[in-house]
Amino acid sequence: AFIDADKVNYEGYYERLLRLVRSNGIIAIDNVLWSGRVVDPKEQGDDTVALRQVNKLVHEDDRVEHVMLPFADGVTLVRKK
C-alpha cells in the first residue's frame, strides 16, 4: 500500500491500512521529511505538524517495523508484524 495524499489525514490512512494489510505486508508513506520542514521547529503548518505526528506514531508503533529512506522528500517503509 502507498500513502501519498492530503497530509493531515495520513494518520487515519495509516491506521486503516494496518487493518487491511496482511502480516508482513508493506505500507510506503511518502513525503515524511517534507523538504526538511519536519525537523524545523519554526515550521508549524498543518501538513508539517501532521507529518511529524505520523512519523512519531510509526516510530512508537509496536505493531510494525519501519525504515525511513532519506531521499527526495523521504519515504518510510513499514512492515506489519
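The structure holds four salt bridges, a salt bridge being a side-chain nitrogen of Lys or Arg within 4 Å of a carboxyl oxygen of Asp or Glu. The model is predicted: local features need pLDDT of at least 70, side-chain atom pairs count only at pLDDT 80 or more, and totals for chains, interfaces and linings use all residues. Residues are numbered from 1 along each chain as its sequence is written, and side-chain values use heavy atoms, with hydrogens and water left out. Helices (H or I, at least four residues) and strands (E, at least two) are DSSP runs, numbered from the N terminus. Buried denotes under 20% relative accessible area, exposed over 50%, and partly exposed the range in between (1.4 Å probe, protein chains only).

**Salt bridges**

- Asp4 pairs with Lys7 in a salt bridge whose closest N and O atoms are 3.3 Å apart. Asp4 is partly exposed at 41% relative accessibility, whereas Lys7 is buried, with a relative accessible area of 8%.
- Arg63 forms a salt bridge with Glu15, and the closest N and O atoms are 3.1 Å apart. This pair links distant parts of the chain, 48 residues apart: Arg63 lies in the loop between helix 2 (46-60) and strand 3 (64-69), and Glu15 in helix 1 (residues 10-20).
- Both partners are partly exposed, Arg63 at 38% relative accessibility and Glu15 with a relative accessible area of 24%.
- Asp61 also forms a salt bridge with Arg63, with 2.8 Å between the closest N and O atoms. Through shared partners, salt bridges join Glu15, Asp61 and Arg63 into one network.

**Surroundings of Asp61**

- Asp61 is placed in the loop between helix 2 and strand 3, and it is buried, with a relative accessible area of 8%.
- Leaving aside neighbours within four places in sequence, Asp61 is in contact with Tyr14 and Leu18, where contact means heavy atoms within 4.5 Å. Tyr14 and Leu18 are among the buried residues of helix 1.

**Helix 1**

- The buried residues of helix 1 are Tyr10, Tyr14, Leu17 and Leu18. Seen down the axis of helix 1, they fall within an arc of 105°, so they line one face of the helix; the arc is that of the directions from the helix axis to the C-beta atoms.
- Arg19 and Leu20 are exposed, on the face of helix 1 turned away from its buried side.
- The cover over the buried residues of helix 1 includes strand 1 (2-3), strand 2, helix 2, strand 3 and strand 4.

**Helix 2**

- Helix 2 has 15 residues and reaches 21 Å from its first C-alpha to its last, close to the 21 Å expected at 1.5 Å a residue. The expected span is 1.5 Å times one less than the number of residues.
- Thr48, Ala50, Leu51, Val54, Asn55 and Val58 are buried in helix 2. They cover an arc of only 160° around the axis, which puts them on the same side of helix 2.
- Asp46, Lys56 and Glu60 are exposed residues carried by the face of helix 2 turned away from its buried side.
- Helix 1, strand 2 (26-30), strand 3 and strand 4 are included in what covers the buried residues of helix 2.
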